[in-house]
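Welcome! Take a moment to look over the structure, and then we will walk through a few of its features together.

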Amino acid sequence: TSAKTTLMKRARWVSEGDPRPAFNCAWCGPPQHIEGEIVGRHKEWFEVPGCDACRFLHDRGWRMIHKVSRAREAGGRDRDDFRFLDPNGGQMRGAKLFLTATTELIASEFFNSEKSKARADSIEQAGEQYEEGMSSDTGEAKVNDPSSTVVPLPTIAQLLNEERGLEGALIADRLGIWNTFYGSDSDIALLVLQSLSTGKLPHLVRLETPFFRSKEELCTLPASTRSGTIPPARFIGVTRMVERRSSQSHKGKQAFGVEFPIFIVRYDNFGTPETSVSDLGMDPPMPKPATARGKKVLLRADIAREDVAGQLFAFMFRIMYGEKALND
């Protein structure tokens, strides 16, 4: 539909960390047209923002003026004009100029000050739309469709600031809105972390400490090439890839695979989102690789160094479960 197309288009105009556009916001969402007949040639008023990000701007002096000009001919179409005023009185016309002019401010100051509140409100608003059938766009959003912008998934940058990472964010989503749009918890984790499957790794990965395998585990695994087996990696979540030989005298480049951590959200163990693991006397989640039909799931298999592969596994574990679980 046109509303969904508008949302997807406007989502490309904002930076990472900016939660806009919002479906029910007159400032950043789809254009909202006035109903009923216009008295006189023009009608003009200040629009009220409908999302927390635009309210943040409103509180700092931004304003949106919605002007409707009546069609000159009977049966013609009225013309809508949207203008934005910045705190200094400057004007800009149209949502694109407004979003591009304010996205850095929203992505930094607003996200850092109100990230938890914005996430909870957007989930609640989307839940109301879903339950009441108010939005045809919501009804058309498909499971496992990462292009949906009505209820965007949290970014890696956002989850790094969450105490319990993606697990805590899913627990806070009490209506299960993300699961409705994107599938199971594991599907959501894969979508959130898919940017790590190719290309250059974020610099934060190099700050992680890999999980070392225990001596007992190393002793029980095939440990020697003398028997023709592949020696195990030193770190949990790392698979030593089979070496390919280009000739009998030259070995191919050594590579390491990074396994996907198992992701289990402990919903039943939390009465409220504020409940902590330590309050319940629970053990922190252990770093283990996920499996599918008895085989480990690899996120990627092109890491040149074993320690970097271990750092990437630890980085994914941090995103999934938060810093506290990693430290525990």
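Is Met 92 buried or exposed? Met 92 counts as buried, because its relative accessibility is 16% (buried means under 20% relative accessible area, exposed over 50%, partly exposed in between, with a 1.4 Å probe and protein chains only). This is a predicted model, in which local features need pLDDT of at least 70 and side-chain atom pairs count only at pLDDT 80 or more, while totals for chains, interfaces and linings use all residues. Residues are numbered from 1 along each chain as its sequence is written, and side-chain values use heavy atoms, leaving out hydrogens and water.

**Around Met 92**
- Met 92 lies in strand β4, residues 91–93 (strands are DSSP runs of E, at least two residues, and helices are runs of H or I, at least four, numbered from the N terminus).
- Not counting residues up to four places away in sequence, Met 92 touches Trp 62, Phe 82, Arg 83, Phe 84, Leu 97, Phe 98 and Ala 101 (contact means heavy atoms within 4.5 Å).
- Met 64 is 28 residues from Met 92 along the chain, and their C-alpha atoms are 9.6 Å apart.

**The three-stranded sheet**
- Strands pair through backbone hydrogen bonds, either parallel or antiparallel.
- Here, three strands form an open sheet in the order β5-β6-β9, with antiparallel pairing (two strands pair if DSSP finds at least two bridges between them).
- β5 (238–240) and β9 (298–303) are at the edges with a single partner strand each, so one side of each has no neighbour in the sheet.
- β5 and β6 (residues 256–259) pair over three bridges, and Thr 239 stands opposite Gly 257 in β6.
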